[in-house]
Amino acid sequence: MSTPFFILAAVTLAGAWGAMTLRGLVHCALALAVAFAGIGALYLNLGAQFLGLAQLLVYVGAVAVLIVFVILLTRGGDADAPRLSAASFAPWPLAGLAVAAAVFAVLGWAIFHSSAMLSPTAAAPQNNIRQLGVALMDAYVLPLEAIGLMLTAALIGAVVVAMKEKP
Amino acid sequence: MTPLAGCLLVSSMLFAVGLAGALTRRNTILVLVGIELMLNSANLNFVAFWRFGPHSQDGADSMTGMIFVLFAIAVAAAEAAVGLALILAVYRHAKTTDLSQLIGRRP
């Protein structure tokens with residue numbers, strides 16, 4: 001456990017907390033971008049360079065910007081709730097919080113009672129982009145094609161769903 | 001605390017925050033944001049186990065964790081695009097993204 005890890009984890013969790021609790025939707029989207037960038041930096045910290053940069057490109061570059069677009073298109077940006085009030089939350093927010101707290105308690109209990117607490121740190125796996133590319137083109141070429149097909153279908157589907165319909 | 005346990009703890013906190021947001025916020029877009037956060041916490045788990053778990057040093061086996069995360073990122077991007085398009089379509093009909101006002105509406 002190193003200091004950079006703690007700093008990145010704190011930034012990520014603060015961003016996630018802000019994304020879920022801030023009152024302005026645009027502020028939520030910006031906090032979400034911070035959380036995504038923090039996760040990308042955590043990947044870099046763990047030694048997964050390609051994944052960290054892919055996370056930055058896809059999430060901070062595309063998903064967060066897409067969310068900002070939708071917020072502006074649905075006029076959520078000028079929502080004017082002066083403060084975070086009951087109107088921002090579901091009818092029984094405490095029930096949702098209790099479920100989340102219970103899930104976290106179970107996960108934390110499982111982590112603290114697992115062998116992850118005492119296993120020695122393994123050596124860093126060999127990791128270079130060339131190996132990743134070879135694996136993608138060799139052993140995982142069929143899933144790669146399936147993902148390409150799915151992305152195409154999702155692109156067309158998103159355009160069709162969001163298109164103005166004829167009255 | 002080992003680094004693996006630290007990563008798992010951070011990722012479970014991220015999951016809990018995303019779950020709490022998805023369950024308690026009223027705005028559709030923020031519910032989607034909570035789901036994205038939960039997906040990201042799962043990805044962080046994959047990377048942590050890839051880095052600290054036992055693995056073979058050669059061949060495609062040592063890349064499995066990374067490739068799983070790569071595919072998960074692609075699936076999450078597609079999910080975000082379709083979900084946001086759905087939100088736009090619903091907004092065009094109902095003129096609101098508030099879930100409480102959407103419940104029980106006739107199409």
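**View 1. Where chain A meets chain B.** This contact takes 71 residues from chain A and 63 residues from chain B, where two residues are in contact if their C-beta atoms, placed from the backbone, lie within 7 Å. On the chain A side, helices H1 (3-21), H2 (25-45), H3 (49-73), H4 (93-112), H5 (129-138) and H6 (141-162) each give two or more residues. H3(A) brings the largest share, 11 residues. Sorted by class, the chain A side has 57 nonpolar, 13 polar and one charged residues. For that sorting, Ala, Val, Leu, Ile, Met, Phe, Trp, Tyr, Cys and Pro count as nonpolar, Asp, Glu, Lys and Arg as charged, and the others, Gly among them, as polar.

Before you move on: this is a predicted model, where local features need pLDDT of at least 70 and side-chain atom pairs count only at pLDDT 80 or more, while totals for chains, interfaces and linings use all residues. Residues are numbered from 1 along each chain as its sequence is written, and chains are lettered from A and ligands numbered from 1 in the order in which they are written.

**View 2. Chain A by itself.** You'll find six helices and zero strands here; helices (H or I, at least four residues) and strands (E, at least two) are DSSP runs, numbered from the N terminus. Of the 167 residues in chain A, 26% are buried, that is, with 20 or more other C-beta atoms within 10 Å of their own C-beta. The domain assignment, automatic or from a database, gives domain 1 (1-80) and domain 2 (126-167). Their centres, taken over C-alpha atoms, are 22 Å apart.

**View 3. The largest nonpolar core.** Think of a set of buried Ala, Val, Leu, Ile, Met, Phe, Trp, Tyr and Cys residues joined through C-beta atoms within 7 Å. The largest such core has 69 residues, and A:Leu32, A:Ile67 and B:Val47 have the most contacts inside it. H2(A) supplies the largest share, 13 residues. Domain 1 and domain 2 of chain A each give this core at least three residues.

**View 4. Zooming in on B:Val47.** Setting aside neighbours within four places in sequence, B:Val47 touches A:Tyr43, A:Leu46, A:Ala48, A:Leu51, B:Gly65 and B:Val69.

**View 5. Helix H3 of chain B.** H3(B) (residues 64-94) has 31 residues and reaches 44 Å from its first C-alpha to its last, close to the expected 45 Å. That expected span is 1.5 Å times one less than the number of residues.

Conventions:
Buried ≥ 20, exposed ≤ 12 C-beta atoms within 10 Å, placed from the backbone.
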